Amino acid sequence: MFELDIFFDERDVQSGVRAPGGKMSDFRTLTHAEWMAEGTRRFGPDYDKWRFVCPVCGFVASVQDWKDVGHPDAVAFSCIGRWRKDGIDALTDGLHKGMGRPCNYAGGGLFKLNPVTVVFDDGIEHRAFEFAD
Ligand SMILES: [Zn+2]
């Protein structure tokens with residue numbers, strides 16, 4: 001994991017492009033019940049209003065945003081720039097030039113950067129984006 005830290009330095013945080021919660025040092029594991037409780041505490045019971053930050057470009061999207069691009073299956077897993085015309089490339093532009101636009105990072109791709117591991121009751125683990133502040 002050390003090599004990932006190269007991409008995430010203080011400049012990224014101070015620029016405001018990437019939320020501090022998106023730093024790679026903040027990997028954590030929650031049970032599904034804990035994750036649901038935290039989301040509800042932060043955003044309320046309306047799931048469509050929950051917001052998550054992409055671990056690569058720092059773009060904040062709501063569950064409704066994923067639905068709007070036709071991919072509710074990718075909520076908090078892959079960045080919505082994959083399906084938007086203004087999407088930027090995760091590897092070439094996303095790491096240091098977020099520019100407020102979403103990237104095409106895929107949680108299921110080669111680089112698994114999603115920082116929150118959610119453990120479901122049946123033991124299945126799902127890697128998710130961090131909640132937005
Ligand atoms: Zn992104």
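Visitor: Over how many bridges do β2 and β3 pair?
Guide: This is a predicted model, in which local features need pLDDT of at least 70, side-chain atom pairs count only at pLDDT 80 or more, and totals for chains, interfaces and linings use all residues. Residues are numbered from 1 along each chain as its sequence is written. Strands are DSSP E runs of at least two residues, helices are H or I runs of at least four, both numbered from the N terminus, and two strands pair if DSSP finds at least two bridges between them. Here β2 and β3 run antiparallel, and the bridges number three.

Visitor: Which residue in β3 is the bridge partner of arginine 51?
Guide: β2 covers 51-53, and β2 pairs with β3 in the antiparallel sense. In β3, the partner of arginine 51 is serine 62.

Visitor: In the β1-β4-β5 sheet, which residue does valine 118 stand opposite?
Guide: That open sheet has mixed pairing, but β4 and β5 pair antiparallel over four bridges.

Visitor: Is glycine 100 buried, partly exposed or exposed?
Guide: Glycine 100 lies in the loop between α5 (90-94) and β4. Buried takes 20 or more other C-beta atoms (placed from the backbone) within 10 Å of a residue's own, exposed takes 12 or fewer, and partly exposed is in between. Glycine 100 has 13 such neighbours, so it counts as partly exposed.
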